[in-house]
Amino acid sequence: MIEELCKRNPSLIRLQNSRVPMLPNKVRAPRNRTITLSEEERSFYQQTLRQVHQPVELAEIVNQTIHQDILTFLQWMPTQSVDLLFLDPPYNLTKTFNDRTFKRQTLDAYAEWLDTYLTKLEPILKVTASIYLCANWQSSPAVFDVVKQRFQVRNRITWEREKGRGAAKNWKNASEDIWFCTVSDTYTFNVEAVKLKRKVMAPYTMNGNPKDWGFTEDGNVRLTHPSNLWTDLTIPFWSMPENTDHPTQKPEKLVAKIILASSKVGDVVFDPFLGSGTTSVVAKKLGRQYIGVELDELYCCLAEKRLALADADPCIQGYADGVFWERNSLHAQPRSTKQWSAHPTSHGTIATNHQTD
Ligand SMILES: C[S@@+](CC[C@H](N)C(=O)[O-])C[C@H]1O[C@@H](n2cnc3c(N)ncnc32)[C@H](O)[C@@H]1O
């Protein structure tokens with residue numbers, strides 16, 4: 001199957017002599033919380049993965065991790081079944097995902113490559129669906145060219161991606177884009193669910209009363225409308241409980257904003273490039289149904305382990321009391337939410353954690 005796939009998609013190259021694809025066994029510091037897999041766990045989670053080779057009902061594939069090439073899977077996926085599509089494809093960079101390397105192409109070739117996937121993804125979307133498509137600054141223009149042909153482009157979110165290499169003769173790249181699109185003019189957008197909690201530096205009063213802010217035991221705070229510039233995110237790193245060895249793992253907090261804004265409890269959230277499982281994990285924590293497809297078996301197993309861990313520990317770092325907290329605000333957050341806890345909200349049972357932010 002893989003050889004066939006590489007023939008069809010020359011930009012995807014399987015590394016030679018790697019019969020047992022595995023992430024290297026690293027020595028880790030005692031406080032390192034990176035999620036890893038033992039051989040036993042890997043064998044166990046392999047049994048839980050699905051592949052689909054004939055038409056299926058939606059009920060048969062929800063809340064599952066599918067280990068398959070997305071184009072093969074999409075032949076069998078029921079049409080008009082998805083409420084929210086989160087697309088985090090390989091960017092147009094030469095990058096290795098476990099034992100396969102995605103090769104950088106011209107921007108035109110990348111746009112054509114991406115469009116092959118969107119052609120097959122379009123029929124599975126409900127008419128009310130939203131689509132979020134991730135890109136770096138180089139591939140973002142190609143992504144816009146492709147999505148504007150098919151969907152209503154609503155916005156381009158830019159998020160501060162703190163980690164990244166410095167450059168001697170260029171500005172360090174510290175941002176990525178996410179294109180927000182919808183199929184039609186009828187779509188879900190729960191703005192109240194994605195407000196940001198900020199400490200008020202200059203509390204303005206009117207007739208002695210706070211204007212647009214409130215007193216809390218931890219200081220004066222304001223709930224602000226979310227903009228298309230996201231600066232409150234942290235890329236998963238070794239001491240965070242969501243961290244894995246996947247090279248391009250997205251923060252749970254980022255995906256939580258998207259899922260809370262653009263879906264309802266019980267909706268179907270679909271990720272065709274699942275990677276380490278972030279979208280499925282956050283969808284599960286927020287009471288949505290999920291379907292995730294990933295080509296690499298090891299990443300699928302990691303996703304399954306994260307999904308199992310989410311049962312015991314349904315917290316989303318940086319999201320507490322139904323609001324998103326700005327980065328490095330631990331000192332300002334309510335004491336009651338500094339410990340792991342789950343509490344019901346109007347959006348379902350929401351998990352919170354503020355041990356670090
Ligand atoms: C940018 S990563 C996604 C990372 C993910 N958002 C996370 O948080 O871990 C893209 C993933 O797409 C997978 N992939 C690439 N081509 C694929 C295909 N044809 N079908 C399914 N998955 C594919 C890669 O193995 C890689 O893990």
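Author: Two residues are in contact if their C-beta atoms, placed from the backbone, lie within 7 Å. The structure discussed here is a predicted model.

Reader: With which residues is P251 in contact, leaving aside its neighbours within four places in sequence?

Author: P251 is in contact with L233, T234, I235 and P236. The residue itself is found in the loop between strand 14 (229-230) and helix 7 (252-262). As for T279, 28 residues apart from P251 along the chain, the two C-alpha atoms are separated by 9.5 Å.

Reader: What makes P251 count as buried?

Author: A residue is buried if 20 or more other C-beta atoms lie within 10 Å of its own. P251 has 25 C-beta neighbours inside 10 Å, and therefore counts as buried. Across the chain, buried residues make up 37% of the 357 residues.

Reader: Why is N98 called partly exposed?

Author: Partly exposed residues fall between the buried limit of 20 or more and the exposed limit of 12 or fewer. N98 has 19 other C-beta atoms within 10 Å, so it is partly exposed. N98 lies in the loop between strand 4 (95-97) and strand 5 (100-102), and it has a positive phi of about 55° although it is not a glycine.

Reader: Is D321 buried, exposed or partly exposed, and why?

Author: D321 has 16 other C-beta atoms within 10 Å and is therefore partly exposed. Its place is in the loop between strand 18 (319-320) and strand 19 (323-325). D321 also has a positive phi of about 55°, although it is not a glycine.

Reader: Why is strand 6 described as largely enclosed by the rest of the structure?

Author: Of the 11 residues of strand 6 (residues 125-135), 8 are buried, so the strand is largely enclosed.

Reader: What makes strand 3 and strand 8 partners of strand 6?

Author: Two strands pair if at least two bridges are found between them. Strand 3 (residues 82-87) is joined to strand 6 by 5 bridges, and the two run parallel. Strand 8 (residues 175-182) and strand 6 pair over 6 bridges in the antiparallel sense. Both counts meet the requirement, so both are pairings. In detail, L87 has L133 of strand 6 as its bridge partner, while L133 stands opposite W179 in strand 8. Y132 has F180 in strand 8 as its bridge partner.

Reader: Why do strand 2 and strand 14 stand at the edges?

Author: The open sheet is formed by 8 strands in the order 2-16-15-3-6-8-7-14, with mixed pairing. Strand 2 and strand 14 each have a single partner strand, so one side of each is left without a neighbour in the sheet.

Note on methods
Residues numbered from 1 in each chain as written. Predicted model: local features only at pLDDT ≥ 70, side-chain atom pairs only at ≥ 80, totals over all residues. Helix = DSSP H or I, 4+ residues; strand = E, 2+ residues; numbered from the N terminus.
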